[in-house]
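Okay, thanks for coming, everyone.

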Amino acid sequence: MRLNRILLPTVLVVFAMVAQVSVLARLHLPGAVPDLLLLTVLGLAISYGHIAGCLIGFAAGLLADLAPPADHAVGRYAMVLCVIGYVAGLFKPENGRLRTAAGPMLVVIGAAIGTTVLYAGVGSLVGDTAGAHVGLAKLVFTATVYDLLLAPFVVPLVMALARRFDHDPLSEDATGGYGGSRSRMRTGIAPQRAGLFGRAGKMVKVNSMARGVRR
(Lines give C-alpha, C1' and ligand atoms only; values in the text may rest on other atoms or scores of the structure.)
Protein backbone atom coordinates (compact mmCIF):
# COMPACT_ATOMS: atom_id res chain seq x y z
CA MET A 1 0.00 0.00 0.00
CA ARG A 2 1.13 3.53 -0.70
CA LEU A 3 1.58 5.88 2.23
CA ASN A 4 -1.50 7.93 1.28
CA ARG A 5 -3.55 4.73 1.24
CA ILE A 6 -2.61 4.15 4.86
CA LEU A 7 -2.78 7.65 6.31
CA LEU A 8 -6.03 8.79 4.71
CA PRO A 9 -8.11 5.69 5.60
CA THR A 10 -6.71 5.80 9.13
CA VAL A 11 -7.77 9.41 9.63
CA LEU A 12 -11.19 8.89 8.05
CA VAL A 13 -11.93 5.69 9.97
CA VAL A 14 -10.91 7.19 13.32
CA PHE A 15 -12.96 10.33 12.63
CA ALA A 16 -15.99 8.28 11.60
CA MET A 17 -15.69 6.10 14.70
CA VAL A 18 -15.46 9.09 17.04
CA ALA A 19 -18.40 10.83 15.35
CA GLN A 20 -20.52 7.69 15.47
CA VAL A 21 -19.86 6.99 19.14
CA SER A 22 -20.02 10.55 20.42
CA VAL A 23 -22.82 11.94 18.22
CA LEU A 24 -24.88 9.40 16.28
CA ALA A 25 -25.11 6.84 19.07
CA ARG A 26 -26.46 9.53 21.43
CA LEU A 27 -29.40 10.42 19.19
CA HIS A 28 -31.32 7.38 20.49
CA LEU A 29 -33.07 6.80 17.18
CA PRO A 30 -35.50 3.87 16.94
CA GLY A 31 -33.93 0.65 15.71
CA ALA A 32 -30.36 0.71 14.44
CA VAL A 33 -27.72 3.42 14.78
CA PRO A 34 -26.64 5.28 11.59
CA ASP A 35 -23.44 3.53 10.57
CA LEU A 36 -21.02 6.27 9.56
CA LEU A 37 -18.13 3.80 9.84
CA LEU A 38 -19.74 1.49 7.28
CA LEU A 39 -20.26 4.34 4.80
CA THR A 40 -16.63 5.38 5.17
CA VAL A 41 -15.46 1.84 4.46
CA LEU A 42 -17.75 1.68 1.42
CA GLY A 43 -16.38 4.92 -0.04
CA LEU A 44 -12.78 3.77 0.42
CA ALA A 45 -13.50 0.27 -0.92
CA ILE A 46 -15.16 1.60 -4.09
CA SER A 47 -12.18 3.92 -4.60
CA TYR A 48 -9.32 1.51 -3.87
CA GLY A 49 -10.68 -1.91 -4.84
CA HIS A 50 -11.55 -5.17 -3.11
CA ILE A 51 -8.18 -5.98 -1.52
CA ALA A 52 -7.81 -2.58 0.13
CA GLY A 53 -11.52 -2.62 0.98
CA CYS A 54 -11.09 -5.93 2.77
CA LEU A 55 -8.12 -4.69 4.83
CA ILE A 56 -9.73 -1.34 5.65
CA GLY A 57 -12.99 -3.03 6.59
CA PHE A 58 -11.24 -5.44 8.94
CA ALA A 59 -9.27 -2.64 10.64
CA ALA A 60 -12.36 -0.44 10.96
CA GLY A 61 -14.45 -3.29 12.34
CA LEU A 62 -11.76 -4.22 14.85
CA LEU A 63 -11.65 -0.62 16.03
CA ALA A 64 -15.41 -0.70 16.51
CA ASP A 65 -15.10 -3.97 18.44
CA LEU A 66 -12.56 -2.49 20.85
CA ALA A 67 -13.91 1.06 21.21
CA PRO A 68 -16.20 1.69 24.18
CA PRO A 69 -19.09 1.24 24.76
CA ALA A 70 -18.89 -1.93 22.62
CA ASP A 71 -21.02 -4.70 24.13
CA HIS A 72 -20.34 -7.52 21.68
CA ALA A 73 -17.64 -10.11 21.14
CA VAL A 74 -14.31 -8.82 19.81
CA GLY A 75 -13.88 -9.63 16.14
CA ARG A 76 -17.58 -9.84 15.35
CA TYR A 77 -17.85 -6.54 13.48
CA ALA A 78 -14.32 -6.90 12.08
CA MET A 79 -15.35 -10.06 10.25
CA VAL A 80 -18.51 -8.41 8.94
CA LEU A 81 -16.82 -5.26 7.62
CA CYS A 82 -14.01 -7.34 6.14
CA VAL A 83 -16.53 -9.19 3.96
CA ILE A 84 -18.51 -6.05 3.15
CA GLY A 85 -15.36 -4.10 2.22
CA TYR A 86 -14.24 -6.89 -0.11
CA VAL A 87 -17.60 -7.12 -1.88
CA ALA A 88 -17.96 -3.33 -2.17
CA GLY A 89 -14.47 -3.10 -3.67
CA LEU A 90 -15.58 -5.35 -6.53
CA PHE A 91 -17.78 -2.47 -7.71
CA LYS A 92 -14.80 -0.21 -8.36
CA PRO A 93 -15.49 1.27 -11.83
CA GLU A 94 -13.24 -0.02 -14.58
CA ASN A 95 -13.33 3.13 -16.70
CA GLY A 96 -12.08 5.30 -13.84
CA ARG A 97 -15.19 7.41 -13.23
CA LEU A 98 -18.63 6.86 -11.80
CA ARG A 99 -21.25 7.65 -14.41
CA THR A 100 -24.23 7.84 -12.06
CA ALA A 101 -24.93 7.82 -8.34
CA ALA A 102 -27.22 4.80 -8.69
CA GLY A 103 -24.36 2.33 -8.39
CA PRO A 104 -23.02 3.54 -5.02
CA MET A 105 -26.55 3.85 -3.65
CA LEU A 106 -27.28 0.24 -4.56
CA VAL A 107 -24.02 -0.74 -2.88
CA VAL A 108 -25.12 1.16 0.24
CA ILE A 109 -28.48 -0.63 0.31
CA GLY A 110 -26.87 -4.03 -0.12
CA ALA A 111 -24.20 -3.23 2.47
CA ALA A 112 -26.72 -2.00 5.04
CA ILE A 113 -28.79 -5.16 4.68
CA GLY A 114 -25.78 -7.45 4.46
CA THR A 115 -24.04 -5.90 7.45
CA THR A 116 -27.09 -6.29 9.69
CA VAL A 117 -27.79 -9.86 8.60
CA LEU A 118 -24.14 -10.94 8.83
CA TYR A 119 -23.75 -9.26 12.22
CA ALA A 120 -26.77 -11.12 13.56
CA GLY A 121 -25.61 -14.37 11.96
CA VAL A 122 -22.10 -14.17 13.42
CA GLY A 123 -23.60 -13.31 16.81
CA SER A 124 -25.80 -16.39 16.74
CA LEU A 125 -22.80 -18.57 15.87
CA VAL A 126 -20.65 -17.32 18.73
CA GLY A 127 -23.51 -17.10 21.21
CA ASP A 128 -23.45 -13.30 21.36
CA THR A 129 -27.07 -12.11 21.57
CA ALA A 130 -26.38 -8.40 22.08
CA GLY A 131 -29.04 -6.38 20.26
CA ALA A 132 -31.19 -9.42 19.49
CA HIS A 133 -34.09 -7.98 21.49
CA VAL A 134 -34.68 -5.24 18.91
CA GLY A 135 -35.68 -7.62 16.13
CA LEU A 136 -33.82 -8.39 12.89
CA ALA A 137 -36.49 -7.00 10.55
CA LYS A 138 -36.61 -3.67 12.37
CA LEU A 139 -32.82 -3.44 12.45
CA VAL A 140 -32.53 -4.13 8.71
CA PHE A 141 -35.20 -1.56 7.81
CA THR A 142 -33.92 1.23 10.05
CA ALA A 143 -30.27 0.60 9.17
CA THR A 144 -31.07 0.82 5.45
CA VAL A 145 -33.05 4.04 5.86
CA TYR A 146 -30.46 5.75 8.05
CA ASP A 147 -27.53 4.74 5.85
CA LEU A 148 -29.33 5.89 2.70
CA LEU A 149 -29.98 9.28 4.26
CA LEU A 150 -26.32 9.69 5.22
CA ALA A 151 -24.78 8.14 2.11
CA PRO A 152 -25.13 11.13 -0.29
CA PHE A 153 -23.14 13.26 2.15
CA VAL A 154 -20.50 10.72 3.18
CA VAL A 155 -19.67 8.35 0.31
CA PRO A 156 -18.99 11.01 -2.41
CA LEU A 157 -16.88 13.03 0.04
CA VAL A 158 -14.78 9.99 0.98
CA MET A 159 -14.29 9.06 -2.67
CA ALA A 160 -13.32 12.62 -3.58
CA LEU A 161 -10.71 12.69 -0.81
CA ALA A 162 -9.37 9.33 -1.97
CA ARG A 163 -8.96 10.58 -5.54
CA ARG A 164 -7.35 13.82 -4.41
CA PHE A 165 -4.79 12.25 -2.07
CA ASP A 166 -4.00 9.23 -4.24
CA HIS A 167 -3.70 10.87 -7.66
CA ASP A 168 -7.05 9.52 -8.86
CA PRO A 169 -6.88 5.83 -7.84
CA LEU A 170 -10.06 5.18 -9.81
CA SER A 171 -8.00 5.49 -13.00
CA GLU A 172 -5.61 2.71 -11.95
CA ASP A 173 -4.75 0.64 -15.00
CA ALA A 174 -4.55 -3.13 -15.28
CA THR A 175 -0.79 -3.21 -14.62
CA GLY A 176 -1.19 -1.51 -11.25
CA GLY A 177 0.04 1.91 -12.39
CA TYR A 178 -1.78 5.16 -11.86
CA GLY A 179 -2.97 7.78 -14.28
CA GLY A 180 -3.62 5.26 -16.99
CA SER A 181 -5.59 7.76 -19.02
CA ARG A 182 -2.73 10.22 -18.84
CA SER A 183 -0.22 7.63 -19.96
CA ARG A 184 -2.46 6.71 -22.86
CA MET A 185 -2.62 10.37 -23.80
CA ARG A 186 1.15 10.58 -23.76
CA THR A 187 1.76 7.36 -25.68
CA GLY A 188 -1.26 7.39 -27.97
CA ILE A 189 -2.22 10.94 -28.82
CA ALA A 190 1.30 12.31 -29.03
CA PRO A 191 2.29 9.99 -31.92
CA GLN A 192 -0.91 10.91 -33.70
CA ARG A 193 -0.05 14.55 -33.42
CA ALA A 194 3.46 13.80 -34.59
CA GLY A 195 2.03 11.99 -37.58
CA LEU A 196 -0.19 14.93 -38.42
CA PHE A 197 2.69 17.34 -38.16
CA GLY A 198 4.82 15.01 -40.28
CA ARG A 199 2.19 14.90 -43.00
CA ALA A 200 1.85 18.65 -42.88
CA GLY A 201 5.60 18.96 -43.26
CA LYS A 202 5.61 16.70 -46.28
CA MET A 203 2.80 18.70 -47.85
CA VAL A 204 4.76 21.91 -47.35
CA LYS A 205 7.83 20.38 -48.97
CA VAL A 206 5.80 19.13 -51.96
CA ASN A 207 4.20 22.52 -52.40
CA SER A 208 7.57 24.29 -52.25
CA MET A 209 9.06 21.87 -54.85
CA ALA A 210 6.07 22.39 -57.13
CA ARG A 211 6.49 26.13 -56.90
CA GLY A 212 10.20 25.80 -57.74
CA VAL A 213 9.45 23.73 -60.84
CA ARG A 214 6.88 26.25 -62.06
CA ARG A 215 9.40 29.02 -61.66
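Let's start where Pro-9, Val-13, Val-14 and Met-17 of α1 touch Ile-56, Ala-60, Leu-63 and Ala-64 of α3. When I say contact, I mean heavy atoms within 4.5 Å. By class, that contact has eight nonpolar residues, no polar ones and no charged ones. For those classes, Ala, Val, Leu, Ile, Met, Phe, Trp, Tyr, Cys and Pro count as nonpolar, Asp, Glu, Lys and Arg as charged, and the others, Gly among them, as polar. Helix α3 covers residues 50–66, and the α1 and α3 axes come within 11 Å, crossing at roughly 35 degrees. Those axes are lines fitted to C-alpha atoms, for helices over the stretch in contact, and the angles run from 0 to 180 degrees between N-to-C directions. The crossing of α1 and α3 is right-handed. On handedness: a crossing is right-handed if the near helix is turned clockwise from the far one by less than a right angle, and left-handed if anticlockwise.

A quick word on what you're looking at. This is a predicted model, where local features need pLDDT of at least 70 and side-chain atom pairs count only at pLDDT 80 or more, while totals for chains, interfaces and linings use all residues. Residues are numbered from 1 along each chain as its sequence is written, and side-chain values use heavy atoms, with hydrogens and water left out.

Now zoom out for a second. The protein chain has seven helices and zero strands. Helices (H or I, at least four residues) and strands (E, at least two) are DSSP runs, numbered from the N terminus. Of the 215 residues in the protein chain, 38% count as buried. Buried means under 20% relative accessible area, exposed means over 50%, and partly exposed is in between (1.4 Å probe, protein chains only). Also, take the contacts in the protein chain with a separation of 6 or more: residues 24 or more positions apart account for 74% of them.

Back to α1, residues 4–22, and its packing with α6, residues 136–165: the angle is about 155 degrees and the axes are 10 Å apart. That makes α1 roughly antiparallel to α6. On that scale, angles under 35 degrees are roughly parallel, over 145 roughly antiparallel, 65 to 115 roughly perpendicular, and the rest oblique. Which residues of α1 and α6 meet? On the α1 side you have Asn-4, Leu-8 and Leu-12, and on the α6 side Val-158, Leu-161, Ala-162 and Phe-165. This contact of α1 with α6 has six nonpolar residues, one polar and no charged.

Next up, α3 and α4. They pack at about 155 degrees with axes 7 Å apart, and are therefore roughly antiparallel to each other. Their crossing is right-handed. Among the residues making this contact are Gly-53, Gly-57 and Gly-61 of α3, and Tyr-77, Gly-85 and Gly-89 of α4. The classes come out as ten nonpolar, six polar and two charged.

Keep your eye on Tyr-77. Is Tyr-77 buried or exposed? Tyr-77 is buried, at 9% relative accessible area. Leaving out residues up to four places away in sequence, Tyr-77 touches several others, including Asp-35, Gly-61, His-72 and Tyr-119. Rings of Phe, Tyr and Trp (its six-membered ring) pair if their centres lie within 6.5 Å; planes under 30 degrees apart are stacked, over 60 edge-to-face, and the rest tilted. Tyr-77 is in α4 (residues 76–89) and Tyr-119 in α5 (residues 102–126), so the pair ties together parts 42 residues apart in sequence. A search of the whole structure finds one aromatic pair.

Last stop, the loop between α1 and α2. Pro-34 sits in that loop and is buried, at 6% relative accessible area. Pro-34 and Thr-144 are 110 residues apart in sequence, yet their C-alpha atoms are 8.8 Å apart in space. His-28 is in this loop too, but His-28 is exposed, at 69%. Most residues other than glycine have a negative phi. For His-28, phi is near 55 degrees, a positive value.

That's my tour, so over to you for questions.
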